[in-house]
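Hi,

Here is the structure I promised to pass along. Have a look at it first, and then read my notes below.

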Amino acid sequence: MEENGRPRFIPSLKQRLSVILIVCSLLSVIMMIAVSYLAMQAAESTRVEDMLAGDLLQLSEQMDSEYTELLQISQQMIPQSAIGGYLQAYMQAVDQYDRIELMKKITTDITTMRFNHDSSSLTLCFEPEPETGAIRTGFYTNLAVRPDFRLDNHPVVRSTGIAGVDALEFYVLHPSDCVIYARESISLSRRAAFGDNREVVLYLELFSRIPERLETLSELRGMPYYWLQTDPEGVIRYSSHRDFSTGTWLGESTGAGAATLEDFLHIQADSIFGFQYVLMVPRVNFNRAMAIWRNGVIAVLATAVIFISITAAMLLYLIFRPMHILRGEIEQVTKGDFSLSRHNIRLQEFDQLFDSMNDMKMQIQELLVQERRQEKEKMQLELDKLYYQINPHFLMNALNTVHWMAVTNHQPEIKEFIHQLNFILGYSLGKTNCNATLQTELLALKAYVSLQLCRYDFEIHYDIAEGIYLQVPCARLILQPIAENAICHNMEHLGNLWVTVRQEGDFAVICVRDDGQGFAAGEGTLAGERGLSRGIGLRYVELSLQSFYAQRADMQIESAQGRGTAVTLRVPLKESGGDRDV
């Protein structure tokens, strides 16, 4: 193409794809660098915090679940419960046997209860010393208790209920008070009134999974996690970091060498029981993790650049090499060379494309051969058409000459015969009465019967009901072959031929019946050869009815040996699905 007299530069697909790949690769690398840089900047304040928040949520839900489990166990041991009722009966029982039986029931029920709470460890029911909370009278314990056990041995993170009776105290993580275990546990004490307002303490312990989870998360995150529990006022009641001592407020300095919150990234969550959990990670470890992450991002970016470059080179090779071969194939076809070629590209799409190209060449070759053959057949058909047009015209002209000779020589019989023959020939060739109707069919039938009466001696009987239905278009030349079969092949001399035409609703019923020799059932079929039809005449009628009326017309043949034959046509007078005449 030219522009202002100069050829305009049109880039090739290779050039366009190269530019697109280079631009997209550069933009992708720039965007990845920008996004990564912004992500690294945002991660300093959000990434680890989000990670801590998720981990804190898991830990806090776990510890709340453990405290809830302790609360549920204590609920099953208050005086209003079944186990509590046994405890109360045990305290009031005087008979030793009754006390033994009650203790068995208490032990069985508590064992069953602990089976549903597999982490529970120590279950203790006792009457405490008023001042120290030590055991003054023990009523039940499932395991041996440490000799120095006192309620005030462990920090209380939350107290609820009325002071004294019906009070709940939640204790922080601490070593188990059972002499056979050293695992970290949480505990709960519940004061209840048994008997005559006798104050009894229910002390329950449960092995906590928090220490194990903290260790697992620390290994998983690559940085140490520290766990704190604070009471509703923010005072630390439990700390896994030695620089955050218990009994101090979370935000105040803890003296020389103590850690400050600025040195830690921390996040806090509220317990459903009213106290708080705190999860902390040292900022030094956080910065180290950020550096590792930054180096990883840089490595990923470098790998991405290499990968994009290799991908671009492979695309250029995989696309443009087959396209170059395809262009050569197209040039070969445009030059008229349709010889088949084989290319093993080893790419399914291009292999299928070259196979399709070969199929197209084969089809073009076949089409060229077929076109030459059709051209030759077309010429032959033209000659045959002219030949078949010349013969009828010659015959009709010759008959017209004979007709006028009969008129000139005053030969009326020959004149009438030639007139009827000329009418039948013209009607069969479509030269007269171009639109065939039942009326024209009957005229052609009568003309044919008149010709046959010159040769055969038989009686013809017409019973034609007059009406507009005779003007309805119909298939051409369907009655003459039936009459020909009856006169020439079935009737005897001095026979009779009956032609009956009538209207029945939307159908015309035409019956051509003779009293000739007939034929027995099973001698032939409509399409086959039989003594009645010799096959051709009635086969033509059948095909004409199917072509003109589709499946709506019907032809029936009834015959018996020595009793003649009747052929009945039932043709529609209207088009299917409408009221217009056919």
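**What I found**

Let me start with Gln332, which sits in helix α6 (residues 283-334). Helices here are DSSP runs of H or I with at least four residues, strands are runs of E with at least two, and both are numbered from the N terminus. Bear in mind that this is a predicted model, in which local features need pLDDT of at least 70, side-chain atom pairs count only at pLDDT 80 or more, and totals for chains, interfaces and linings use all residues. Residues are numbered from 1 along each chain as its sequence is written, and side-chain values use heavy atoms, with hydrogens and water left out.

Back to Gln332: its relative accessible area is 19%, so it is buried. Buried means under 20% relative accessible area, exposed means over 50%, and partly exposed is in between (1.4 Å probe, protein chains only). Leaving out residues up to four places away in sequence, Gln332 touches Asp337, Ser339 and Lys361; a contact is a pair of heavy atoms within 4.5 Å.

**The chain as a whole**

The chain has 582 residues, and 38% of them are buried. Its secondary structure comes to 11 helices and 17 strands. Of the contacts with a separation of 6 or more, 59% are between residues 24 or more positions apart. The chain exposes about 33,800 Å², with carbon and sulfur atoms supplying 56% of that. Accessible areas come from the Shrake-Rupley method with a 1.4 Å probe, and for residues only the protein chains shown count as cover.

**Two buried polar residues**

His154 is in the loop between β4 (135-141) and β5 (156-161). It counts as buried because its relative accessibility is 12%. Its side chain makes a polar contact with the side chain of Asp177 at 2.9 Å. (A polar contact is a pair of N or O atoms within 3.5 Å; within protein, one must be able to donate a hydrogen and the other to accept it, and residues adjacent in sequence count only if both atoms are side-chain atoms.) Apart from residues up to four places away in sequence, His154 touches Tyr171, His174, Pro175, Asp177 and Tyr203.

Ser239 belongs to strand β10 (residues 236-239) and is buried too, at 17% relative accessible area. Its side chain reaches two backbone oxygens: that of His241 at 2.8 Å and that of Phe244 at 2.9 Å. Beyond its neighbours within four places in sequence, Ser239 is in contact with Trp227, Leu228, Phe244 and Thr246.

**One side of a helix**

Which residues of helix α3 (residues 82-92) are buried? They are Ile83, Gly84, Leu87, Tyr90 and Met91. They cover an arc of only 120° around the axis, so they lie on the same side of α3; the arc is that of the directions from the helix axis to the C-beta atoms. These buried residues pack against α4 (96-116), β3 (120-128), β4, β7 (184-194) and β8 (198-207).

**Salt bridges**

There are 10 salt bridges in the structure, each a side-chain nitrogen of Lys or Arg within 4 Å of a carboxyl oxygen of Asp or Glu. Glu212 pairs with Arg183, their closest N and O atoms being 3.9 Å apart. Because Glu212 lies in helix α5 (residues 210-221) and Arg183 in the loop between β6 (167-175) and β7, the pair ties together parts that are 29 residues apart in sequence. Both ends are partly exposed: Glu212 at 47% and Arg183 at 39%.

Glu199 forms a salt bridge with Arg191 at 2.5 Å between the closest N and O atoms, and Glu199 is partly exposed at 27% relative accessibility.

Glu542 and Arg539 also meet in a salt bridge (2.5 Å, N to O). Both are in helix α11 (residues 536-549), 3 residues apart, or about one turn of the helix. Glu542 is buried at 17%, whereas Arg539 is partly exposed at 32%. Elsewhere, salt bridges that share partners join Arg502, Glu504 and Arg570 into one network.

**A nonpolar patch**

Finally, Val19, Val23, Leu27 and Met31 form a nonpolar patch on the surface, with about 380 Å² of accessible area together. Patches are made of residues with over 30% relative accessible area and no salt bridge; like charges are joined within 9 Å, and nonpolar side chains (Val, Leu, Ile, Met, Phe, Trp, Tyr) within 5 Å. Met31 lies in helix α1 (residues 13-43) and counts as exposed at 56% relative accessibility.

Cheers
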